[in-house]
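Here are my notes on the two-chain model you sent over.

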Amino acid sequence: MDTQTIIEKFRGKFGPDVLDTEIKNRKRALVTINPEMILKVGEYLFRDEGFRFIIASALHTRKGFEIHYHFSKDEIGLVLNIHVILDKNKPQIESLSNMFNATNWIEREMHELFGIDFLHHPNQEKLISEGNWAEGVYPYRKEFKEDKK
Amino acid sequence: MSKPTLIPIGPYHPLQEEPELFKLYCDGEIVKDIKWETGYNHRGIEKLSESKTYDQVFFLVERICGICSTSHPFAFANAVEEICGVEITDRAKYIRSIIGELERIHSHLLWVGLAGHFLGYNTVFMWAWKYREPVLDLFEMITGNRNSYAMFKVGGVRRDIENSKIPVIRKILADVTKKADLLTGAVMDDPVIHARTKGVGVLTKQDILDYGAVGPTARASGVGIDIRKDDPYAAYGIVNWKVITATAGDVFAKAEVRLLEMYESVSIIDQCLSGLEKTKEGEVNVKVTEIPEGMGTGRAEAPRGEVFHCVFSDGSNSPARHKIRAQSYTNIATFRKSCIGQTIADATLSLAAVDPCYCCTERMAVAYDSASGQKILNAKELIDMSARKTAELKQQISHKR
């Protein structure tokens with residue numbers, strides 16, 4: 001199965017919830033989806049299509065908080081980026097960690113660094129700064145200013 | 001069941017000499033639960049990267065890991081070149097692959113040595129580290145550095161490998177191969193190592209997929225993923241080589257995969273050297289004048305598995321956002337599967353079998369007081385905090401007892 005077919009199949013399955021698609025080349029594709037669909041998309045990719053979860057990248061932009069979930073289809077070397085845009089004031093999305101363990105740490109890290117809430121996460125504790133960081137201070141947000149003292 | 005006893009490994013690992021804390025909750029000899037604390041070495045590299053120019057980021061990411069120092073620049077170069085749409089020269093491809101594979105050889109030798117040390121088999125430790133030295137000398141000859149080689153840049157490599165050096169590289173590699181034979185024989189044929197590592201810390205194929213584990217950890221469980229083959233970059237799509245896999249998923253299988261991979265690396269380097277002879281000296285760079293707006297994902301197969309870099313460019317001379325996923329990030333997480341239900345002695349071995357690299361996994365030495373929100377930066381306060389944490393841990397342990 002090539003990238004074009006995979007994207008067409010994805011569009012057929014999720015229809016109106018696919019907000020945008022971009023095929024950069026035969027090994028890189030980006031699909032923007034409705035954030036409410038993340039659980040169904042995760043299940044489809046991981047269980048039905050045999051994708052491997054690589055990692056997720058969070059960004060703080062003018063649009064709000066964005067997450068790129070990077071999935072890999074190793075048989076054809078495809079990196080499929082599932083892109084979601086979350087609310088500026090209340091960034092939250094369903095956690096994928098109840099489905100597979102690979103997202104557990106990165107969701108904790110994104111919660112810690114960006115303040116994105118992962119609903120129903122089995123254990124949303126801090127991953128890297130437990131006990132050493134003020135509550136409610138998110139260093140990777142754009143408004144965070146380093147104290148130069 | 002009686003109240004579990006807490007056995008700490010860390011906050012400074014006695015053998016791997018890196019900061020982490022594994023809390024083993026044990027009932028007698030058996031590990032019943034395990035927790036991991038990290039963050040001792042978090043350096044905020046992703047954030048720091050946003051304040052550096054693309055050329056400077058190479059030096060920054062090279063310092064994420066002291067062992068596989070070229071894997072991060074490799075993945076970063078792949079990501080940025082994807083944004084620019086640049087195709088590097090064949091000679092630069094060969095040089096990149098040579099550096100990548102030499103690194104794999106020295107990293108695998110380092111692990112085999114440490115694995116021997118973990119087992120109490122210190123002869124293997126001494127041998128492996130002794131035989132690793134010529135590889136580091138080779139690096140010094142080619143790049144000028146034994147580690148952190150500073151060879152990569154957008155559009156190619158910084159230094160060429162002169163054709164006159166090729167016979168010397170081949171000679172050293174032939175010597176290393178002979179020593180690798182000796183070492184492989186010592187490890188693969190030793191009945192004590194078989195008895196000590198077979199059936200220990202088994203990870204099934206499903207565990208690998210569930211945790212997204214990569215590299216030799218995945219390949220030892222029969223999951224044949226290797227970015228060099230699946231998504232070829234540099235010269236890996238040009239040369240012939242095979243992916244080494246095993247099926248048992250235990251500590252022995254992981255050792256077997258790493259030892260046999262060294263031979264593939266030697267073969268890849270040999271073919272790349274032949275490639276160098278066919279290309280013109282000096283053609284190692286393509287001029288890149290601008291990094292356009294866009295997003296690039298770069299992958300590279302480091303000795304421990306897939307390194308993933310995602311770069312978001314806004315058209316300026318520094319990344320707008322740079323996400324780094326090191327290979328140990330997913331591999332270390334498998335400890336819950338490989339250690340719970342085992343004895344303490346086996347658990348320590350299983351924890352080491354994924355070749356964990358804690359520096360890679362964390363990527364700020366800036367501390368905040370959680371109570372006041374004030375920044376603590378002076379050395380005395382950091383030392384005091386360390387002493388306080390140690391006291392807390394001691395109290396916790398005595399309380400558990």
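1. A caveat to start with: this is a predicted model. Please read everything below with that in mind.

2. Overall build of chain A. Chain A has three helices and seven strands, and going along the sequence they come in the pattern α-β-β-α-β-β-β-β-α-β. A compact globule of 149 residues would have a radius of gyration near 15 Å, and the 16 Å of chain A agrees with that. Taken along the principal axes, the C-alpha atoms of chain A fill a box of roughly 55 × 30 × 25 Å.

3. The sheet of chain A. Which order do the strands take here? Five strands of chain A make an open sheet in the order 1-2-5-4-3, and the pairing is mixed. Strand 1 (18–25) and strand 3 of chain A are at the edges with a single partner strand each, so each has one side without a neighbour in the sheet. Ignoring direction, neighbouring strands in this sheet are turned by 20° against each other on average. At one end of that order, strand 1 and strand 2 (residues 28–33) of chain A pair in the antiparallel sense over six bridges. To find your place there, look for A:Ile23, which stands opposite A:Ala29 in strand 2 of chain A.

4. Helices on the chain A sheet. Helix 1 (residues 3–14) of chain A lies across strand 1, strand 2 and strand 5 (78–86) of chain A, and runs at about 180° to strand 1 of chain A. Helix 3 of chain A lies across strand 3 and strand 4 of chain A, running at about 10° to strand 3 of chain A.

5. Where the chains meet. The contact takes 30 residues from chain A and 28 residues from chain B. Strand 3 (52–61), strand 4 (64–73) and helix 3 (104–114) of chain A each supply at least two residues of the side of chain A that touches chain B. Which element gives the largest share of that side? The answer is strand 3 of chain A, with six residues. By class, the residues on the side of chain A that touches chain B are 14 nonpolar, nine polar and seven charged. Note that strand 3 of chain A is also one of the edge strands of the sheet in point 3.

6. Overall build of chain B. Chain B has 16 helices and 10 strands. For 401 residues, a compact globule would have a radius of gyration near 21 Å; chain B comes in at 22 Å, which agrees. The C-alpha trace of chain B spans about 70 × 55 × 40 Å along its principal axes.

7. A three-stranded sheet in chain B. The strands of this open sheet follow the order 1-2-3, with antiparallel pairing. Strand 1 (5–9) and strand 3 (30–37) of chain B are the edge strands, each with a single partner strand, so one side of each has no neighbour in the sheet. The twist averages 25° from one strand to the next. Strand 1 and strand 2 (residues 21–27) of chain B pair over five bridges in the antiparallel sense, and B:Ile7 stands opposite B:Leu24 in strand 2 of chain B. Helix 14 (residues 344–353) of chain B packs on this sheet and touches strand 1, strand 2 and strand 3 of chain B, its direction making about 150° with that of strand 2 of chain B.

8. Helix 2 against helix 3 in chain B. Helix 2 (residues 54–62) and helix 3 (residues 71–84) of chain B pack at an angle of about 150°, with their axes 8 Å apart. That angle makes helix 2 of chain B roughly antiparallel to helix 3 of chain B. The crossing is right-handed. Residues in the contact include B:Tyr54, B:Val57 and B:Phe58 from helix 2 of chain B and B:Pro73, B:Phe76 and B:Val80 from helix 3 of chain B. By class, this contact has seven nonpolar, one polar and one charged residues.

9. Helix 6 against helix 11 in chain B. Helix 6 (residues 166–188) and helix 11 (residues 251–278) of chain B pack at about 165°, with their axes 11 Å apart. Helix 6 of chain B is therefore roughly antiparallel to helix 11 of chain B. Their crossing is left-handed. Among the contact residues are B:Leu173, B:Thr177 and B:Ala180 of helix 6 of chain B, and B:Met262, B:Val266 and B:Ile269 of helix 11 of chain B. This contact has 13 nonpolar, two polar and three charged residues.

Technical notes
Residues numbered from 1 in each chain as written. Chains lettered and ligands numbered in written order. Predicted model: local features only at pLDDT ≥ 70, side-chain atom pairs only at ≥ 80, totals over all residues. Pairing = 2+ DSSP bridges. Helix = DSSP H or I, 4+ residues; strand = E, 2+ residues; numbered from the N terminus. Axes fitted to C-alpha atoms, helices over the stretch in contact; angles between N-to-C directions. Contact = placed C-beta atoms within 7 Å. Parallel < 35°, antiparallel > 145°, perpendicular 65-115°, else oblique. Left-handed = near helix turned anticlockwise from the far one by under 90°. Nonpolar A, V, L, I, M, F, W, Y, C, P; charged D, E, K, R; others polar. Rg over C-alpha atoms; globule rule 2.2 N^0.38 Å.
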